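Hi everyone, thanks for coming.

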Amino acid sequence: MKQHIIICHCPSENKVLQIVDEIKASPEHRDAPVVVVAANLDERPDSFRERNILFVKGEPTNEETLIRANVQEAQGVFILAKDPASTSSDACTFAIGTMIEHIEEETGNPIHTVAEMLSSRSRRMVRRSSIDSIVVSEGITDRVMVQEFLHPGIHNAFAQLLTNTEGSQLYVCPTAQKGRRLIDIQCAALQYKDHLQVIGLSRGGDAMLNPDKQVAVEEGDMLVVLAESKKQFTEFENVCLAESTSA
């Protein structure tokens with residue numbers, strides 16, 4: 001199996017199934033095979049069989065287990081917290097990320113890794129493993145509850161933005177419009193035939209939402225886009241570049 005997606009650990013069947021459903025709702029990953037690597041399951045659950053999710057038994061901190069899952073030819077790996085009730089799981093996440101990094105260096109095959117981190121205090125440690133993306137679960141529910149109290153209905157907006165199954169989603173997209181003011185790109189997006197909006201940019205890993213009107217795109221910046229699909233922005237970008245060339 002090649003170009004598959006691996007999910008390390010199975011804290012619960014429902015959590016894994018929700019992640020798989022979100023992956024499959026994305027057009028570019030609809031047909032991607034999914035493999036779960038976990039030591040706490042004796043055999044593949046029926047719910048996994050129904051969705052054609054494959055299973056490798058073993059600790060994902062063990063290199064041999066990852067090799068059996070053919071991680072060296074995977075397109076991506078999700079590293080879930082082994083025990084959602086214990087922040088010591090972050091150390092396990094670090095170990096898996098480090099192992100995958102070494103395999104990536106040996107094979108030369110880029111493996112995109114996304115890791116769940118329970119405590120923000122572990123960020124520095126986990127970053128040392130060169131994991132591509134870290135999602136900190138600590139405090140997210142608390143913040144959303146407060147925002148819902150202050151601004152009733154905002155939870156529904158967050159929920160739609162965070163799912164591939166309905167409505168529009170947020171995308172962080174590379175752009176070739178270096179030097180152009182963000183507000184000019186935003187105005188062009190509003191006049192474009194498709195429904196999309198450019199709401200900010202990502203610079204050096206930091207999000208700048210609704211920035212100053214004079215902010216211009218710099219080398220390496222990525223645009224934060226609200227659209228129904230990433231393809232919409234790609235087509236919009238091509239139109240903008242063609243217009244600037246003809247001008």
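Let's start with E73 and K2, whose side chains meet in a salt bridge at 3.7 Å, N to O. By salt bridge I mean a side-chain nitrogen of Lys or Arg within 4 Å of a carboxyl oxygen of Asp or Glu. E73 sits in the loop between α3 and β4 and K2 in the segment before β1, so the pair ties together parts that are 71 residues apart in sequence. Helices (H or I, at least four residues) and strands (E, at least two) are DSSP runs, numbered from the N terminus.

Before going on, a word on the model: it is predicted, local features need pLDDT of at least 70, side-chain atom pairs count only at pLDDT 80 or more, and totals for chains, interfaces and linings use all residues. Residues are numbered from 1 along each chain as its sequence is written, and side-chain values use heavy atoms, leaving out hydrogens and water.

Back to our pair: buried or exposed? K2 is exposed, at 60% relative accessible area, while E73 is partly exposed at 30%. The cut-offs are under 20% for buried and over 50% for exposed, with partly exposed in between (1.4 Å probe, protein chains only).

How many salt bridges are there in the whole structure? The search finds 10. Another one joins R203 and D221, with the closest N and O atoms 2.8 Å apart. Here R203 belongs to strand β8 (residues 196-203) and D221 to the loop between β9 (206-209) and β10 (222-227), 18 residues apart. D221 is buried, with a relative accessible area of 4%, whereas R203 is partly exposed at 24%. Salt bridges that share partners join R203, E218 and D221 into one network.

Now the histidine. H9 lies in the loop between β1 (5-8) and α1 (13-24), and at 5% relative accessibility it counts as buried. Its side chain reaches the backbone oxygen of L80 at 2.9 Å. Beyond four places in sequence, its contacts (heavy atoms within 4.5 Å) include V36, E59, C92 and I96.

Those last two, C92 and I96, are also among the buried residues of α4. What covers the buried residues of this helix? The cover includes β1, α3 (63-68), β4 (76-79), β5 (112-117) and α5 (123-127). Finally, just after α4, G108 takes a positive phi of about 80 degrees.

That's my tour, so over to you!

Terms used: A polar contact is a pair of N or O atoms within 3.5 Å; within protein, one must be able to donate a hydrogen and the other to accept it, and residues adjacent in sequence count only if both atoms are side-chain atoms.
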